Amino acid sequence: MTAATTAADPTDAYAGYLDCLADADEYAAIDMAIGLLDAGVPAERVLLDLVAPAQSEVGERWARNEWSVAQEHAATHISEQVVAAVAAHANPRPTGGRVVVACMDGEWHALPPRLVAEVLRLRGWQVTFLGASVPAAHLVSYLHRYDAHAVALACALPMRLPYAHRMIEACRRSDVPVVVGGRGFGADGRWARRLGVAWAPNAPAAAELIADERALRGVPPARLAHLADDEYASLVRRRGELIDGALADLRERVPAARAYSPTQLDATVSDLGHIVDFLAAAVYVDDPSLFTEFVEWLSEILLSRGVPAGAVARPLDHYGVALRDFPRAVRVLALGRAALPAADR
Ligand code: B12
């Protein structure tokens, strides 16, 4: 068991809390969080200055291949239990209208918006948390039924932005103001601006926006005239063919790829799919930086897992040839290739 020392500040408690996550010691983690509340630390600070940064660190350890997927899942489960314990301990009573918090369709990162939901609750809103991957049609009928004051939508992965846009538009048609957040909109929210929707960098900012309906509704419209060129729609249509082609190309050029185990094959197909999906999202918002950031991230992930150099460059080249009639996609791919570390090109 991890020793749950009592700290009076989330920053002092941070290292010990991470040890609890590393040891999968749910009880010590909860004791530590409740100890902070008992010492007078506001619940919002425990959620945002302890649980949130610890989860980001969990992600870094997974990315560096120091923690397995199982360790990450165990740590995330504990964080969810801690959030539930803190929420139950604080037990706020609503004084404001109803705010619905949900993940975009296909989005499984439910913990970040859960933190947002609990902060909104602590600030007096009546919050309904719908959790992961909510289909647009179901969300809209829910909003109608419960007369929501606002809806807060989460997106952690930029590749989901085209779906996010559809969902935002569906909420708008119901005349419910929308605020979005999560890493998927870019660190500075630039892709939310492109989609014409209010964005908050964190839970306190979301609470302020939700209290200001004029600000929520007064966002300049989406700037997506470039979609008339049909490149995005063609990329989506050709997704399967592109992945199959890149896999065949890899097997032809890299003999080791012919002997991949089923697990290696699955991971490769998933990576090839992510490349197409991030490319399509970059074409959708017309911003190559969405793709270059992804390529840098992917090559780091593959490097930390011992995947040989060239694993990203090869499919980028293949997609570049297959998509030669699509100038925006070709440009994004070329910039992605240039963003690769020298050893990977
Ligand atoms: C836990 C986790 C998972 C869990 C999620 C479980 C759950 N119940 O949430 C599972 C296992 C499902 C998962 C899956 C995947 N994950 Co994941 N995951 C994470 C991890 C480690 C923690 C997420 C978290 O809780 N963060 C803590 C929160 C507090 O941080 P935050 O997102 O910045 O949130 C703050 C603000 O952004 C904002 N905010 C966030 N949401 C919202 C919403 C609204 C409305 C508002 C207003 C504000 C707001 O407020 C928050 C608090 O201040 C992150 C690492 C990370 N750094 O976040 C990776 C991470 C997000 N995952 C990643 C990846 C790649 C994936 C997968 C694709 C992996 C795979 N190969 O399958 C899948 C995709 C699944 C899907 N389709 O959604 C990458 C994304 C990289 C990229 N280039 O986009 C990350 C960054 C890991 C990494 N370091 O590489 N993941």
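Mentor: What follows concerns strand β4 and the strands beside it. This is a predicted model, in which local features need pLDDT of at least 70 and side-chain atom pairs count only at pLDDT 80 or more, whereas totals for chains, interfaces and linings use all residues. Residues are numbered from 1 along each chain as its sequence is written, and side-chain values use heavy atoms, with hydrogens and water left out.

Strand β4 covers residues 178-181; helices (H or I, at least four residues) and strands (E, at least two) are DSSP runs, numbered from the N terminus. Val178 and Val180 point one way, Val179 and Gly181 point the other way, and all are buried, meaning under 20% relative accessible area with a 1.4 Å probe and protein chains only.

On one pairing, β4 runs parallel to strand β3 (residues 150-154), joined by four bridges; strands pair if DSSP finds at least two bridges between them. Val180 in β4 has Leu153 opposite. Between β3 and β4 the chain passes through helix α7 (residues 161-173) in a right-handed β-α-β crossover: with the strands pointing away from the viewer, the path from the first strand over the helix to the second runs clockwise.

Strand β4 also pairs with β5 (residues 198-199), in the parallel sense over two bridges. There, Ala198 is the bridge partner of Val179. Helix α8 (residues 190-195) carries the chain from β4 to β5, and this β-α-β crossover is likewise right-handed.

How values were computed. Buried < 20%, exposed > 50% of the residue type's maximum accessible area, 1.4 Å probe, protein only.
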